[in-house]
Every structure is written in structure tokens, then in C-alpha cells.
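Trainee: I would like to learn how to read strands, helices and domains in a structure. Could we go through them one at a time?

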Amino acid sequence: MRYRITHRTEYRYSEPVDSGYNEARLLPRALDRQQVLCASLAIDPPASDQRERSDYFGNRVVAFSLDRPHRSLTVTSSSEVVVEPRVDGLDLFAGESWEQARAALREATDPEGLLARDLVLASPLVPLGEALSAYAAPSFSPGRPLLDAVHDLMVRVHRDFRYDPEFTTLSTPLADVLAHRRGVCQDFAHLAIGCLRSQGLAARYVSGYIETLPPPGKPRLIGADASHAWFSVYVPDCGWVDFDPTNNQLPESRHITVAWGRDYADVTPLKGVIFGGGQMQLTVSVDVLDLDAADPMAAGGASGGHP
Amino acid sequence: MRSTGHALPDSAPGASEPSREAPDWYAPAPDVFDETREADGTLRPHWSYISRALQDMGAPELRRRRDEARRLLRDNGVSYNIYDDPEGYNRVWDLDPIPLVIGSTEWSDIESGLIQRAELLDLILRDLYGPRDLLRRGLLPPELVHGHAGFLRACDQVRLPGDRQLILYSANLTRSANGRMIVLGDRTQAPSGAGYALENRMVITRILPSLFRDSRVHRVAVFFRALRQSLSTIAPRAARAEPRIVILTPGPLNETYFEHAYLASYLGYPLVQGDDLTVRGGRVWQRTLASPQPVDVILRRVDDDWCDPLELRPESQLGIPGLLDCVRRGGVSVANPLGSGLLENPALLCFLPAIARHFLGQPLRLESVQTWWCGEPRDCRHVLAHLPRMVVKPLSRAPGSRSFFGPSCSDSELQQLRARILAEPRSWVGQSILGFASTPSLGTDAVEPRTAVLRTFLVARDSDYAVMPGGLTRVAPSRGSLLVSNQSGGSSKDTWVLASEPEQQVTLWLQPTREQMPAGQRAPLSSRAADNLYWIGRYAERAEGIARLLRTILQKVDEALQYSGAAHEDCLRALLRSLTHCTATYPGFMAEGELLARPEDELLAVACDVQRTGSLAQSLQALLHAAHAMRDFWTGDIWRVLDGVESQLAAMRRRELTLATLPEALDQVVVALAGLTGFTGERLMRDQAWRFLELGRRTERGLLLASLTRSTLVVQQEEATESLLLDAVLATVESMLTYRQRYRSYLELRTVLELVLLDPNNPRGLVHQLLALQEALDGLPEGTEGTRMGSELSERDRLALEALTQLRLVSLDRLVAIEAGSVLREELDQTLARITHLLARLSDVITEQYFVHLRESRQLAQAQVAPR
């Protein structure tokens, strides 16, 4: 599937901002099943200094600063990517048990395994504790195949938690999400990650997008007009497998990956420090257009379709 | 620790031949290793000379020298800030006159052990932010690295130019009960203490000059020379020839701020805070009154994660946004590099011997305190089984985390600790509790055995590390106490490493200091310094003005009691209200009733209540804050003056003053502040620093004069009352003597106004302040907002000129005139109101134009990952 993604972030300030320093993790990474045809960032007013690098997790970071007074900042990321479905298929019930995976991980010294061992530990937004471990337990019965257990966990999170954008903000602690059983995709990803880590497994947070228009006859997917988030679990000697608890599915070719890290704090799409500015007003729009869709009218409908 | 300290004999016995016999000035416990003794109880050779000297000196003399040391430290303003200290935020540094003495042979072992350890830690630092071979080879468990708060992923692959990454290194050493030197812990972020060690040395050489001279002690100055050299070599390539180096401090509230300022003056580097610096175009710049100055090397005293709110701790106001990326791009070098805090992980101690064999092919020369990391199941079982006999430490220092000293924990505390370890074993280490050796230390009046910790200092040099010969020794606060920390009290010692041969005099080549630097070459004044100087001027003047007015009022309170009568009462009432006006402590005496009849409590509050905005105490406190923030700027003498202010403020804080004792305190304050004025007036170069001090001083004095005159003399009073008020005003503005000499007549409003407002020759008069303001403004640069076109006056010059002209154009006749049917001197009121407005506006303009750093950074709001 071929997509064109436009992610626009706009800040308006009531007073001038004297200077600002920013980091954007808005350019999709290239992966085995994801080819990035083009990706660029437009900054308005133009940045006085701008540079791209890759971070600890291999994500693409654009660092830029503005040193002239300005009253608004618009950052637009535009990219075209091709996402291929899995060719080999995925058998949830094959493979090693979750305990075997955990044991293998503890001994891993290969580069990928060493990185994965970092992702077993608590992270700033995902503290571990009894409550997470207790919620995870029913999915991790003895000897259960790893992916089957994780799939079960995803199904349970989707079933037990209510999608409620009014309930959480970016600073809602995971414990509140767990106690009230509501949240948004970011919270569900953090929750599942915390459950997996509490079992000694490696899990990471994935930030990205999901296709805007659903195929005919399918329900419209939540999270389509903002950036999206899901999680990924590490299978020793095999690699990472993604799960989307918000939509209760295994991402195939409708999820576009931008960046990953321990939790949201590692992959914040756009962060910055400013001097001045007074009140700030933030508007975000995300548009994911399926370029393979034959009907040009459908594409037009998608770009205008923000609820 | 079972021992009794012997009191020193009260008279010095006659000199005797050097002897290895145990002296009677000190008796350590027999079963514990003591610095002075061999196992058989005889004196260790390197102590024999010093021991005899101490014996000859006798107790009273030793105590006298300790007092002398205290006086010197106090005069030099040496302090250590104790957090949450109700006594104010500075505590005087304490120095024991008896040094810790280390022989040359033993020191060379210690030195080579320290160098080896620094080289090892440098290799580990390079590896963990580089290839991470240590993890791949299984020499370090990744959880130990990843799970430590000091491992900053943002610093991955970031490197300083040059071979070394660990530039500064400190190790805390102590001697165990069996006599071996043990490393208790490593300091690798921004090690503190070298400045205190230097100051201790300077004081000791003054209180024990001949003993020091004859003992062949290694000089510590060599370390600072190596430090300067090292900082120059890590500068970005383009700036290597003449790098600009600054010291970054968290600010005056930091516990070791004294040292930051001290090192800045000693090394000749500017002392800056985060918001003095800004990142632009991949480089760091220091804000000054003139153009921004590029910065090449930052010696930081700010912890790793507080240095950059963009990539590290977002809430930090101590750092510089964009700093880390600047380092990454090679635009600036920071020592120690950001992220080096990961070496402070105590669990590393378990793995150092194996890593030393791997990297160096050698065993560790200095052993570490025995440590078990609970992330290893076997170690964890050991720690849990021996919990009551262990020190248990969290892996990372963080708010709310602390160490636990097993033997002093209750059963329930141990239970809780056990549960915390079991819940997160990877986050804890256990360490065995050492039997400590002892060293002689002067207690209240006797020399006692105490435990001590020696902090050593190393700095990278071309091929290895330079070690400060000696270091900072800290002593437990009491006999038998094992706790050594400045936060919990305790004393310090100079550390003498004896040379096997006479030491050559080493002089540290210094950049010229502020005083020696020719005017043309002086570094531009930073915006922060200008701001502080301006407010030092304002607060000093405000405090002095309030103190003088209070003094006058207290006198009038007495007079009103002595001579009852309406005139005295009316005068007192007017003055009390004037006090409320001048200090803006509304409502104060403005309300009718009780307060005016019984002014005592309110007067004491306006004088002594630090919490009360506008009070004398609050002005003094603000003055001291601003003066401390300029610590590197003042020379030693100023501290004696500020010390006087500080002790008065302390008395106010303790609520010791009554209306009876207040006048004397006010006298002291006025004298101290006059000393400050004298110092700054006589000794400061007439440069920009002086100009800002002068601007603050003149602005404040002008405002106070206007406010005092307006609140006392605008409303017409009975003749007797008015005469008393004129007398009070003249006394308050210190112009009584001049008035009597000049007019030799009774008090008359017209002549008083002439002297107080219009006479340019009266240095306490209003017109004089406005003239002085103009002069100070004349030499200022245009500042950052310079928008003046051609020959048009800038706003600040226009304001100053208008205020002066207002005053110059008035006629005395009109000032004293009262319209029929009114009780107000309209023209006087209007003129003073206008001048007050102009001065206040001028202050705003100066603030806006020059003090640009008064800004807070904040985070951009972030988008919710899902729609709202």
C-alpha cells in the first residue's frame, strides 16, 4: 500500500516568542516492510538553524531553532511511504513459550537482544508495579506461546478499557488509566507495555499513523486523524511483532511507523522549549491518503475529512 | 569506637628531641588503626615532627589558632549552603587546625591507584556511550547500565575532542580499621571540593606558617594549573588557540556556590548561570551588555540531566536549551561531558576488578568498599541475609531515595527495606560497613580520634591524569560518629602530603584578575551582573533609607512620651504614615485608630519581619542575595561589611529585637551600609559595573527622597508640628548639620526644600541624585534594544533629563505656595509625583533594555496522540 501523509502542527502565541528550540520526530523510518519514497519537513517561519540526525533508537530527528521573534510556528511533515504486508504470515500459536522467551532474553548478548534488554526495564512514563503485573497475569498462563499470550493481552485491553479522549491528558499517570479503565491509544500502548515488562518481556512504544479511509464495509478506525500509537513485543532470535490494542488488530499494511522508543517521552513528535509567547494555542491535523485507491474523489474526501 | 580524648596540657612543655614515643597530646583507641600510630603504638615517622610541634603548642594555643582560622574563613566569606537552614542560607565553613598527614611513599601508591582508576573509568565512559563492548562481552550486565538514571540515551555517541572523556574525577577515600585505603565512591559529574581544599590550604598556611614551611608539604596549586591546561585542550579545534572558558553554576542557592565563585575568581573564568548563555547557530554565546561573546568550553557545576531542558530534564531552568546538540556538533565542549554521571553508579564497583583486567590487564591498585548488586540473585540473597549489618544504597540518586544504614534501622524499617529490594532488586546495592581508622581532630577542647573521608581530585593530562597532592578531608561531627557529610555538619581538614625532598615553590600562572586588567581589555559585563549590581545599589540604598527613617521615628516616639502635646503627636503620626508610604507597607499606619496610638508592633514588623514585603529586613535579605550572586566580583574586604549586615539580619530573623534594642541595631545597619557605599565608591573602577551600581543607588535615593518629602511636607500643618517635621526630615536625610551651618536660623520650609531638593551641592539632595543619574547613564552602551535614531535622545536619557529639568525649573515660591481654601502645597505635590513617575519609568526602561536574561523557558504544549 502506498500512502501520502501530511502532518501539520501549528502553534499560535498571544505574545511574541523570542526564540525557540525544537526536536521533531516526524519523518518515518525505513523498515523491512516500509519503504520511504520521500519525506520532508517544512517549517514556517523558516528555522535559523536545522539539522537531521538519528537518535539512540535509530529514529530520524530534525533539530531546529528559531532566533527571531515570531507569533506562530507551523511544522508540516510530508511523506510518501509504501507498506508491504507480511509475506510469511504470522502463526500466533507456534514458537516458544513466553517463559522460554523471557529466559532467552535474560541471556541475550547479540546487538538486538542487548537493545531489547533495555526495554524490559521501567521507563519514565511506564513505572512497573503489582497492579500491572496482576492485570497481565491471566494472559500469561504457564507454557503459553508468547505471541498467543500477547495477543490475548491485546484483546483484553481492547475489551476492558474504554476509548475516552475526555478522560486522559498527556500527563495522566498509567495507574489512573488502569484504575479507571479508560484512555486513548497512547495509554493503551503504555499499559500493554507495562504488562509485558512486568512479566520480564521486552516491549517498545511505536509512534505512527493509521490509514484514514476504511475499506468499504469496514468501520472507521479510531485515531485516524491524529498521530497514532501501538506497541511491539520482542521475540528472541526472531524480532519485533507489533500489536494495536486500540483497534484490536495486528498491524499489517495500514499502519505507518514513524519512530519507537521506551515510551511516548522518547518519541514525542514535536517538542520544544520557547522563551516568551504568552498563551499558546495548538492545532494539529494529520492526513493519511491511500495513493493506491483508484477513485480520486475518495482521496479528496479524505483530506477534507477531519471530524 | 571506644576512646577518650585527652585534654591538652594548658601550658606548652619545653621542646624535646624528636621521638617516636607516643605523645600525650593525643590518645587514640588501641584496637583501631590510627593515622599517627604504628601497630606497636609508636608514632609513624611522618607524624613525628608535627606531633612534637602540636605537643609544644599546647591546647590553648591550638584553640586560639582554630579561632583565627574561623575568623579568616568568615572574613573570606567561605560558606557551605545547608538546604532548609532556618538560620539563613549560608553556613561558615569549619576547619580543624590539625591536618591529615600522609607520607610520601604511601601517597605515591595512592596516586598511582587513583590514576589507574581514572583511566579505567574513562575507558568505561567511552565504551558505554560508544561501542558498548562491555555489555556484549558480558563484563557489565546491561540492566546495570540501562537501569541507572545517569545513563542518558540522548548522550549516546557524543564525544569530546581529544583522547579523554573523563576530564575531572574525584574519589572519596577512607582508611579502614586495618589501615588500608579504600575507595568509598566515585564522583564523575561535577565533583566539588577542590576550591574548599585550596581555601583550607590558604588558611592553614596563615595559622600554622612555620609548621607548614618546615614540614615540606606538596603544593596543591599544581592541580589548578593542570586543570587550566586540560580545559584548553578540549576546546573545539577552531578555538584551541585562545578558548573562552566559563564556569556554569546552578546559582547562589546551590550548596557549594561559594566554591563556584571562588574557582571562577581564582582561575579567571566568568561565572555564569544557564540563562546567561544562549545557543545560536550551533554555538554557545554569553549574553553581555555589549555583543554576545562566544563560549568554547563550559566547566559545569550543574548536574547532567539539568543542563538542557530540550533533550534532558524538561522542567530545568538551570540549563541551556539546545546545549546538548551544540556539544554533539562540536560547537562547544562541556567538562565533565554530559552523561558522565553513569560512572557514579555504585553497582559498578562490583565489576571494576574484572573490567580492569579486561581493559588494562592489571588488577585494581585501590580496592573499593565491598559491594553487592541486588540485580544478581546471589548478591541479593547475601544482602538480604545481612541487612542489619549493611549500608544499602539506591542505584541512582533521586528525590525521595536515600541510603539506609543497617545498624541504625528499626526492625520495621528493615522489613520495609527488604520489601523494596525484593520489588526492584536491580535498583539497590548493599555495602559492607567498614571499621574506620581514626585521625586526631580538635574537638570542643580536647584532641579526639575521629573518622575521616579524603576527597581526592584528578584532572586529565596529555597522557595520564594529574592528581592534587592532598585533597579535602572531612571529619565526622562527633567522636564515634561514622557519618561524614557537609550536609550533616562536621568539620574539614587540610591534607598534607609530605615531600621526600624540599618542594620548589610553585606559582600558578593566572589570568590577570579583574583589578589588574587594563580597562580596555576587561571582559564585557554580563547582563546578569549588571542586573545584580543595579539591585545591590537599590536595596542598599533602600535599607539605609528605611533604617534612617525608623531611627528618626523611634526618637520621635521617645520625644512624644517625654513632651506630651499635640504637636509631637501630630508629627509622629505624619512620620508613621510617611514610613508606610516610603516602604509601601500598606495599609500600615494609613488607617485611623489603634495602630497610630500603639505603633510598636507595626514598627517592629516594618523593621524586622523578613516575610513582610517592603520591610527593612526584607531589603537586607534581598541585598545579601544579590551580593552573594556576585560573589566572584567582590574582593575579600567586602565580606567583612556584608558580614555585619548578615549578623543584624540574623538577629532580626531570631526575633531578638525589641523597640529598646532596635535603635542600636539600626545604627549598626547604617554603619555597615555606609561601609558598603564607601567601598564601592572608593575602590571600584568607574566602569560599567560601577555605573549600574550607581544607577540603582541614585534611582532609589531619589525615589525615597521624593516619597519622604511628599508624605511629610505637602500637607500644611500647625507651625509647631511643621517645625518638628522639618527637623525630622533633615535628620533622616542627614542634612541637619549642613542646614545649621548654612542657614544658622530656625527651621523654615523654604530653606529646607532648597537644601533637600534643589541644592546640587548637597550629596543627599534630590537634584544631586538626578545629576548623578545622568552621569551614570552617559557612559552606558546602547544595550540590546538600541533603537536610537541619529541625534534623537534615547528614552532613558529623555526620562532622566525630564526629571532633572522638572526640578530645575521650579521656583521655591511656588513650591511652598498654598491656594486659598486648600491645605495642600499643590506645586510641591505635582513636582514630586512627576519625578517619582519618571524615575519609576526609567527603572523599567533600564530593566527592559539591559537585563534581558530575566526570562523563563517553557515547554511547547504537545498534541494528544488521539483526537479530543
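Trainee: How many bridges join E1(A) to strand E13 (residues 280-290) of chain A, and which way do the two strands run?

Mentor: Before the count, please note that this is a predicted model, in which local features need pLDDT of at least 70 and side-chain atom pairs count only at pLDDT 80 or more, while totals for chains, interfaces and linings use all residues. Residues are numbered from 1 along each chain as its sequence is written, and chains are lettered from A and ligands numbered from 1 in the order in which they are written. Helices (H or I, at least four residues) and strands (E, at least two) are DSSP runs, numbered from the N terminus, and two strands pair if DSSP finds at least two bridges between them. Here 11 bridges join E1(A) to E13(A), and the two run antiparallel; within this pair, A:Glu10 stands opposite A:Thr283.

Trainee: Which residue in E5(A) is the bridge partner of A:Arg8?

Mentor: In a regular strand the side chains alternate between the two faces of the sheet. The partner of A:Arg8 in E5(A) is A:Thr76, and strand E1 (residues 2-24) is joined to strand E5 (residues 70-83) of chain A by 12 bridges, again running antiparallel. E1(A) also has seven bridges to strand E12 (residues 270-276), antiparallel as well, where A:Ala24 stands opposite A:Leu270.

Trainee: At what angle do helix H3 and helix H11 of chain B pack?

Mentor: Two packed helices are described by the angle between their axes and the distance between the axes. Axes are lines fitted to C-alpha atoms, for helices over the stretch in contact, and angles run from 0 to 180 degrees between N-to-C directions. H3 (residues 104-128) and H11 (residues 348-360) of chain B pack at about 85°, with axes 10 Å apart, and are therefore roughly perpendicular to each other (a word for angles of 65 to 115 degrees). H3(B) contributes B:Leu120, B:Leu123 and B:Ile124 to the contact, and the residues from H11(B) include B:Leu352 and B:Phe359; two residues are in contact if their C-beta atoms, placed from the backbone, lie within 7 Å.

Trainee: How far apart do the C-alpha centres of domain 1 and domain 2 of chain B lie?

Mentor: Domain bounds come from an automatic or database domain assignment, which here divides chain B into domain 1 (96-369 + 434-493) and domain 2 (526-780 + 793-850). Their C-alpha centres lie 47 Å apart, and the contact takes 15 residues from domain 1 of chain B and 11 residues from domain 2 of chain B.

Definitions and conventions
Parallel < 35°, antiparallel > 145°, perpendicular 65-115°, else oblique.
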